[in-house]
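Subject: Handover of a structure

Dear colleague,

I am pleased to hand over the structure below. Please look it over first; a summary of what was found follows.

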Amino acid sequence: MKILVIEDDETTGQFIARGLREEGHSVDLVTDGRAGLIEATGGTHDVMIVDRMLPEIDGLTLIKTLRAAGNRTPALFLTSLGSVEDRIGGLNAGGDDYLVKPFAFGELSARVAALARRPPAQEQDTVLKAGGLEMDLIARKVTRDGVTIDLLPREFAILEHLLRRKGRVQTRTMLLEAIWDISFDPMTNVVETHISRLRAKVDKPFDTELIKTVRGAGYRIDA
Amino acid sequence: MKARLTSLLRSMPLRLALALVLLFTLVSLISLTATYLVTARSFDQALRNDLTQRMAGFRAAPNALALAQLVEAEARETDPERMVLSYFAPNLRHYGNAALARDSEGYHVVSLSQDSPRLTGQYLALTAALHGGQLTIARSRSEIAALRRGFLNILVLSLVPTVLVALSGGVLLARRSARNVQAVAHTLDKLTTGDLKARVGAVPAWSDDLAEIAGRIDQMAEAQESSVAAIKQVSSDIAHDLKTPIQRVAVHLDELSRHAELTGAAAEDLDRAQAEIDRIVSVFGSLLQIAQIESGTPRSRFRPVDLGALVAICVDLYEPSAAETGHVLAADLAPDVPAVPGDRDLLLQLLANLVENALRHTPPGSRITVALKLSGPAVRLAVSDSGPGIPEAERENVLRRLYRLDRSRGTPGSGLGLSLVSVVARLHGAEMRLEDNAPGLRVVLTFPDVVGPGSS
């Protein structure tokens, strides 16, 4: 993917660019809003990562200007504030996602991947498959290697979410947003316990591990 | 209708108008009555003088016959309705235009000219014994009665229009001022609920005193708006200036963990450093959030929130974690609890904080219940646990920022959980009480405002 990073703090900008390049993306890094606007107007990027506080032109104005000019490149805001108003303001201006500083690279990477592939594929499928696992969305039945697995509604929803995004990492906060519609970060490891319950049913009785833990990031079911 | 009338009657201009009308009526009554009394008395005096004079005239007659002729002559030209003349001569004959008759009902005056009809009305009479007979002259007081009618007419004709004009003017003014007062009240409501852009905007048509108050309110709102904006700018600057270095530290630690092959104690140190960064970020984030809520989260963004649904989400989210630490987490939802106006995200966080707090500060095996019910007109949310509770003397303190009980120092947590809960509760106008659950702690939130039943 070709990714544009507009970040005025050099350490953070370099960190993002290096991490994304290691993942095989091509990255353009600029450090102020004006240069960012010029780069973005080319319209050749798959995703933009934009700091909200930028010299010359701030991030909000930059995205508003691009959207007004018809540029639809998915944009992820980086912000220091993270209040509800701040988030709503960012999304209203035309941002697609939102990440509060400081963030772990895994979180950023997972969200960039999610942005690039919007909307999720397989929306029309009635059966989701991965490895030997099959999820029948109409009968609401799950089997693995022919063995029926009984799941509670919440476990079913988490598994469905991961299956629909096969091959992509889902972070704790992404799961919290998608499954419970929660936009704050609980102190306790709630997501981890939900996943381990799900694993006890989906993975434990079988040889191979389907739900993988990605260190420092989240969870993934391989395609 | 009745309420509108009451509020109209309580308004300042109408009260002034009523008081003025009352005063005017009173003064008019007193002055007219006084004038009437004085005039009536002088009329009366004039009648008496007239009678005395006439009597003197009759006294001048030399004998009874001359007097009788004089009375007859005058009586022929005098209407008994106006003046009665009556002379009983010594020869037992009666001269005059009327006579004092007596029957079973008492004395009365009868006219002699037209078949002796009774004469009514008041008369002022003077009687004298003259030349062996008795002469009576009486003047009717009907003129004084006419005078009274005249004065009453003046009273009615002058008072009724005055009262009507004053009253309708008062009502008109009262309605106008009620509208203006309404505009002021509306603006104040908006300001107190967080819409800091609201202004009264008095126009020149307003009365001076009200326009002055409105102007001051607008000045105050202006000052408040700019100081809130300044606070927001400061917290945004602080957030940016502090978070950037924290971000850099996090970046360096992240790079270390990804690229350096650390083992043993070094790896542990790194994990600990990363955990500390997380804690700094979380405390910082909570402080920032509390400051932001306190500096005016607009209540205009409030929507009906189904607290029951939030309790369900929360219990669902924390149930596995609770089970893992041996806690029992349960919801106790009464049916048909109405929604409350609020900010869903903040209320959900409030609930999560209370549940996390209970999980963190109670030993394994404790029971945690989140109960929601209708209590009178209000919605009552209670999170109770069967843990050690909080000593009564400490209950005030735990709501203070960053305060932690001595026994909790070893447990994770920022010491901001309950502060945030109390700030969010205050934002929603909810009363927050810490009670003894005997044993354990019960946090009770009472939301006085509810949205109509059934909506969500």
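A:Asp96 is partly exposed, with a relative accessible area of 24% (buried means under 20%, exposed over 50% and partly exposed in between, with a 1.4 Å probe and protein chains only). This is a predicted model, in which local features need pLDDT of at least 70 and side-chain atom pairs count only at pLDDT 80 or more, while totals for chains, interfaces and linings use all residues. Residues are numbered from 1 along each chain as its sequence is written, chains are lettered from A and ligands numbered from 1 in the order in which they are written, and side-chain values use heavy atoms, with hydrogens and water left out.

A:Asp96 sits in the loop between H4 and strand S5 (97–100) of chain A; helices (H or I, at least four residues) and strands (E, at least two) are DSSP runs, numbered from the N terminus. Its side chain makes a polar contact of 3.0 Å with the side chain of A:Arg67, and the side chain of A:Asp96 also reaches the backbone nitrogen of A:Ala75 at 2.7 Å. A polar contact is a pair of N or O atoms within 3.5 Å; within protein, one must be able to donate a hydrogen and the other to accept it, and residues adjacent in sequence count only if both atoms are side-chain atoms.

Turning to the interface, 38 residues of chain A are in contact (heavy atoms within 4.5 Å) with 44 residues of chain B. Five salt bridges cross between the two chains, a salt bridge being a side-chain nitrogen of Lys or Arg within 4 Å of a carboxyl oxygen of Asp or Glu. A:Arg154 and B:Asp316 meet in a salt bridge through their side chains (2.4 Å, N to O). On the side of chain A that touches chain B, H1(A) gives the most, with six residues.

In chain B, the unreviewed UniProt entry places a "transmembrane region" at residues 150–174; UniProt positions are in the numbering used here, feature names are shortened, and annotations may be inferred rather than shown by experiment. Over residues 150–174 of chain B the chain is 100% helix and 0% strand, with the end C-alpha atoms 36 Å apart.

B:Phe151 counts as buried at 14% relative accessibility, and B:Tyr36 is likewise buried, with a relative accessible area of 14%.

Yours sincerely
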